[in-house]
Amino acid sequence: MTGAPASAAGGTGRPAPGGKLGAAAVNQASLWNIANILTMVRLVLVPAFVVLMLQDGGYDPAWRAWAWAAFAVAMITDIFDGHLARAYNLVTDFGKIADPIADKAIMAAGLICLSALGDLPWWVTGVILFRELGITLMRFWVIRHGVIPASRGGKMKTLAQGTAVGMYVLALTGPLATLRFWVMAVAVVLTVVTGLDYVRQAVVLRRQGLAAERAQRSPERAERSPERSEGESGR
């Protein structure tokens with residue numbers, strides 16, 4: 001059954017106002033909702049950030065300030081689109097795919113630009129990007145056994161990375177330049193520690209999933225064994 005009986009709708013037997021039109025609006029909103037729009041904005045901001053960051057050779061403080069603004073807006077939309085999607089049941093297949101891509105794209109763009117300009121060592125960029133790519137692949141590796149939830153440490157890592165990259169994007173000098181070095185150091189440590197914790201969770205989750213599958217197959221084998229024995233004895 002695809003619809004409610006007439007009595008459930010008040011007994012009038014008439015279709016609800018705007019029936020097909022309302023359904024079409026719901027279907028359209030499933031994609032064009034505020035959470036997905038914010039994700040799309042973040043995707044558009046990635047190339048905009050790169051262009052702003054590399055203007056005039058990448059060292060003009062004014063252009064760097066504009067690049068920081070684009071990066072900051074992207075990070076803020078990252079906070080709100082996930083919250084809105086969960087709070088108002090706006091989770092869609094597009095959002096599940098595009099949201100993590102947008103998150104990693106803006107962070108990767110910032111790190112690569114900073115390393116290309118010589119502001120950040122390439123090994124820092126390599127460690128962070130390797131971790132992000134590795135964890136993404138690991139999630140797919142264990143997805144049939146379950147989902148690895150985002151941890152508090154992972155959220156702190158994201159905050160530290162965003163703050164550190166944002167401070168490096170700005171043309172800071174003096175004590176603030178020293179401070180951003182230590183913020184980035186904290187971000188790298190959290191990146192490594194939380195990455196190792198995700199690996200541990202993935203291994204445990206996969207072992208539990210495989211054990212559950214073996215336990216489920218054991219009764220089925222036990223049921224088939226007597227049937228096979230009876231068939232053999234009747235020959």
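Contact, as the word is used in these legends, means that heavy atoms lie within 4.5 Å of one another. The structure is a predicted model, in which local features need pLDDT of at least 70 and side-chain atom pairs count only at pLDDT 80 or more, while totals for chains, interfaces and linings use all residues. Residues are numbered from 1 along each chain as its sequence is written, and side-chain values use heavy atoms, with hydrogens and water left out.

**View 1. The surroundings of Phe49.** Not counting residues up to four places away in sequence, Phe49 touches Ala67, Ala70, Phe71, Ile106, Ala109, Gly110, Cys113 and Val169.

**View 2. The largest nonpolar core.** A nonpolar core is a set of buried Ala, Val, Leu, Ile, Met, Phe, Trp, Tyr and Cys residues joined through side-chain atoms within 4.5 Å, where buried means under 20% relative accessible area, exposed over 50% and partly exposed in between, with a 1.4 Å probe and protein chains only. The largest such core has 32 residues, of which Phe49, Met53, Val165 and Met184 touch the most other members. At least two residues of this core come from each of helix 2 (34–53), helix 3 (61–87), helix 4 (93–116), helix 5 (122–141), helix 6 (152–169) and helix 7 (175–233); helices are DSSP runs of H or I, at least four residues, numbered from the N terminus. Apart from this core lies another, of seven residues, including Ile135, Val142, Ile148 and Leu205.

**View 3. Lys155 in helix 6.** Lys155 is found in helix 6, and Lys155 counts as exposed because its relative accessibility is 58%. From C-alpha to C-alpha, Lys155 and Leu190 are 9.8 Å apart in space, although 35 residues apart in sequence.
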